[in-house]
Amino acid sequence: MTLYAPARKTTHHKTDRPRAQRPHGPPSGPRRFRIAGADLSASVAVFLIALPLSLGIALATGAPLQSGLVAAAVGGIVAGRFGGSPLQVSGPAAGLTVVTAELIQRYGWRTTCAITVLAGLAQLGLSALRVARSALAVSPAIVHGMVAGIGVTIALAQLHIVLGGTPQSSAVDNVLGLPAQLADIHPSALAISALTVTVLLSWPKLPGRAGRLVRRVPAALVAVAGATAAAVAAGLSVPRVDLPSWSSHALPGLPEGPVLGIAAGVLTITLVTSVQSLLSAVAVDKLVAARGDRSGSVPRSHLDRELAGQGAANMVSGALGGLPVAGVAVRSVANVSAGAVSRTSTMLHGLWIVLAALLLVPALDLIPLAALAALVMVVGIQMVSITHIRTVTRHREVVVYAVTTAGVVLVGILEGVALGIAVAIAVALHRLARTRISREERDGNQLLRVRGQLTFLAVPRLSRALHQLPQGSHVVVELDGSFMDHAAYETLSEWTTGHIAHGGTVETTGPSGARIAEPSPAAASDAAAPTCCRPWTPWHNHQCGELPADGPTASREGSEGPDTPAEPAEARRTSGLHLASGIGKFQRNTAPLVRDELARLAREGQRPSQLFLTCADSRLVTSMITSSGPGDLFTVRNVGNLVPLPGEESGDDSVAAAIEYAVDVLQVASITVCGHSGCGAMQALLGSGPDDLAVPRTPLRRWLRHGRPSLERMASRRHAWARISGRLPADAVEQLCLTNVVQQLEHLRAYESVARRLAEGSLTLHGVYFHVGEAQAYLLSGTDEVHSYDDVFTRVMPTALAEADGRETQAGEADVRETARAS
C-alpha cells in the first residue's frame, strides 16, 4: 500500500527541520521580486483598455478628466494590492456614471470627492462586520435590472455628445431634448462618433489569420486612436480632451450640503460599488476555474477582504481627487483572458496608467470628446444584456427586471433598487401562496395533484379536496413542490390515517411517480405512535411505545420485592415483542419501498462490489456507514474483524471460505477491513497475559490468538505508529484498533486468490477506522503495499478526503508504545 513517510515530506515541522537551522531565523538569501511574463503582458492589455475608458467615464460624469486616470491608477495599485480577488481589475466603472454625475451636479466636485472618501470608509466598516456575502443575496434580476437602467441612462446622455450637443441632467430630459438635438446635428462630431462605433464593433470580427493577430490589440484603443488620427489628419474642428496641469488638480474639500442628501450619496456609492465589485469577483472566480492552464495556482476570492480593498481604494481615490472605484467586469475579463496569474498584473496596469498620465498628456489632448462619448455610449448599450433578459425571463422574474430598470431610469438608482426588492418580495410571496390542487379519476383510482408549495395558506383548499375523495378508495397523492410546512403535513397525515381506517389506501408520490415515504401510511392501531418512528430510523433503538399498556413493562414497573426474579423472563418476552414490532414495521413501511429492488436481485443473483470485513460489534451498521443498499456489500463479521493467516484457522474456515467465495466466485473489486473505536476484542488482547494466548482455555481466547500479530506489530520498533488525521491515537486501545486494521490487510495478502487478483490489478484493499462516539470514518491513505512508514488514517469529509498534516513528539509515541509493550 502506498503510504506517506514523514521523512519524505517537505513540510516544515519541528521534527523535520535540520538542527543547524534556527526555527525563526532570517531567510538564507534576499528575496527577489519577480514578475511573471504572463502578468506583464496581461497588464499591458488591460492598460490599453482602461486608458480610453477612464477618460470616457470621467467625461460622462462631468468630472475633471484627470479624475478618471486617478481612479484607474488607484484602483489598480491599491485595490489590486489589498483586495481579496487577485485577478479582478478595479477602476472607474460605467455603472457609477449616473450616481457620480448627479452628485457633481448637486454638490460640486470637491464635495463629491469627500463623499467618495466616506463611502470607502463605510466599505471598510462593512468588511469588518463580514457582511460581504450578504450582498450576494440580492436577486440577480434586481442586479441585472440596475445595470441595465444605468446603461440606458448612460447611452441617452452620451448620445447628445455624439450628435455634437450637451447632455441634460436626467434621462427623461435627455429623451425630451432628443428631437431638438437631432435638428441641430454637428457633422464633424457625428462623423468622428460614427467612425469610432464602426471600428469598435467591427474590430473583434476581423476574419482570417491576420484578423486573429490584430485582434490582440483592444478594440477600444484602436477605435479611439483611429478617430483621433482621422480628426487630426482631416483638420476637423471638434472639442478635444483638455487635461489641465496636475498642479491645478482639484482635491476634496469638506462636504457642503444637507446632511441627509450627503448621507444618501454615501449610501448610494457604497451600495453600487460594493455590489458591483462582489458580483464581479464571483464572476472572475468562475472565469479562472474555467481556464484550464494556470487556474490551480490562483486562489479564490476572499469577499470580505475584497470589500476592504475596495474601501481603501475609494478612500485614496477620493482623497487624491479621483472618481469612485469599483471592480470592473470588462477589464477583469481581459485580465483573465490574457493569462494573468497573480495580482501583479492588476498593480502593473495601475502603474502604466500613472506613467501615461505623466508622460502622454500631449497625445491625450488630441482625442476628440465625441470619440470618447461614442465609446461610453456603446458600453452603456452593452450593459442592457440580451442574455440577462433571457435568463430572467426563463426564471419568470422579468417583472422584477423591468421594474428595477424603469425605476433606475426614471427615478434613481436607490429608488429603482428599492422598487425591485419590493416587487421581488411580492413575486416570492405570490409563488409561495399559489398552490394548484386538482382531482381526477383513473381506472377507478383517485389521483390528487398538488402543484406548488404546501403552506398553511393552502391548507383549507387541500383539506376540502381531500375530504371530497370517496371513502374506501385507492388514492394517489402526487406532490409537485419543494416545501411542505407543518400545518400542511399534519392535515395530510391525519387525513391519511383516517382514510386507511375506513378501508382505503393511500400512496404519496412525487412528480415522477416515485413513492414518498412520509407521511407513511399507518394502521389504525398505530395512530397514537410517537413521531420518532421514521423510515430512516429502523436501525435506531426506538420502540416508539408500541408495547401494550398491560404488557411486561407495566407489570414490571408495578412489581415489588418477590416479583423481581421474574424480570429475566419478562425481559425475554419484551425482546420478542420488540422483534415482532420491528418486523411489522418493515413489512408495513420499508418492504413496499425495496420490494422491486429485491425482486430484481432475486432474479439476477447477487453481484456485490466489495467484500466488507468488520467487527461483530452491534454499534457498527455497515449499510449506514457506507451508504449502501441491498446487493452492494458481501459482509463478513467476526469478533475483532480478524483475518486468520492461511493454515492457522484451527478448524474454523469461515473467514477463509468467505474470502475465497468473494474473490473467486463473486469477483468483488475491493476488500475493506473496518475496525472501530472501543473494540472489546482489542481491549481483551491488551488485557491478556502470555499464558492466556499461549494456552487458550475458551473459544474466545482461541479466536483472539489471530490478533496476536497486531499486538506484536504495535509493540515492535520496526513498524512506525499508525496516525489518525495527523495525531497519535488517544490511548493504547485506539492504537491497537488502528494497527489491527493494517495487520489484517497484510494477512489478506497471504491468501493465494487475493495475491493473484492484486498482481492482476483487478482487486484493491482498503482500511477503514470508524470512531463510534464521533460518528466519523477514517480511511487508510493508500493500501497498495505494506511499508514500514507511517500508516495514516485520514478523515473522510462530506465532500472529499482531507488529510491533516500534524505530527506529535517522539516522547508521546514512546509513552503509548511502552503501554502496549507492557500489555
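1. The unreviewed UniProt entry places the feature "binding site" at Cys-615, Asp-617, His-676 and Cys-679; UniProt positions follow the numbering used here, feature names are shortened, and annotations may be inferred rather than shown by experiment. These residues are spread over 65 residues of sequence, yet they cluster in space, with a largest C-alpha distance of 8.8 Å. The model is predicted: local features need pLDDT of at least 70 and side-chain atom pairs count only at pLDDT 80 or more, while totals for chains, interfaces and linings use all residues. Residues are numbered from 1 along each chain as its sequence is written, and side-chain values use heavy atoms, with hydrogens and water left out.

2. Cys-615 belongs to strand E7 (residues 610-615). Helices (H or I, at least four residues) and strands (E, at least two) are DSSP runs, numbered from the N terminus. Cys-615 counts as buried because its relative accessible area is 5%; buried means under 20% relative accessible area, exposed over 50%, and partly exposed in between (1.4 Å probe, protein chains only). Apart from neighbours within four places in sequence, the contacts of Cys-615 include Arg-637, Cys-674, His-676 and Cys-679, where contact means heavy atoms within 4.5 Å.

3. Cys-679 sits in the loop between strand E9 (670-676) and helix H26 (680-686). With a relative accessible area of 1%, Cys-679 is buried. Residues up to four places away in sequence not counted, Cys-679 touches Cys-615, Gly-640 and Cys-737.

4. The unreviewed UniProt entry also gives the feature "transmembrane region", at spans including residues 185-206 and 259-284. Residues 185-206 are 73% helix and 0% strand, with end C-alpha atoms 31 Å apart. Residues 259-284 are 100% helix and 0% strand, and there the end C-alpha atoms lie 37 Å apart.

5. Four strands form an open sheet in the order E3-E4-E5-E6, with mixed pairing; two strands pair if DSSP finds at least two bridges between them. Strands E3 (436-442) and E6 (505-509) stand at the edges with a single partner strand each, so one side of each has no neighbour in the sheet. From one strand to the next the twist averages 20°; axes are lines fitted to C-alpha atoms, for helices over the stretch in contact, and angles run from 0 to 180 degrees between N-to-C directions. Strand E5 (residues 474-480) runs parallel to E6 and is joined to it by five bridges. Val-477 has Thr-508 in E6 as its bridge partner.

6. Strand E12 (residues 776-780) is largely enclosed by the rest of the structure, because four of its five residues are buried. Four bridges connect E12 to strand E11 (residues 764-771) in an antiparallel arrangement, and Val-768 has Leu-779 in E12 as its bridge partner. E11 and E12 make a hairpin with four residues between them, and Ala-775 in the turn has a positive phi of about 50°. E12 also pairs with strand E13 (residues 792-796), antiparallel, over three bridges; the partner of Tyr-778 in E13 is Arg-795.

7. Some totals for the protein follow. The protein has 32 helices and 14 strands. Of its 823 residues, 44% are buried. Among contacts with a separation of 6 or more, 74% involve residues 24 or more positions apart.
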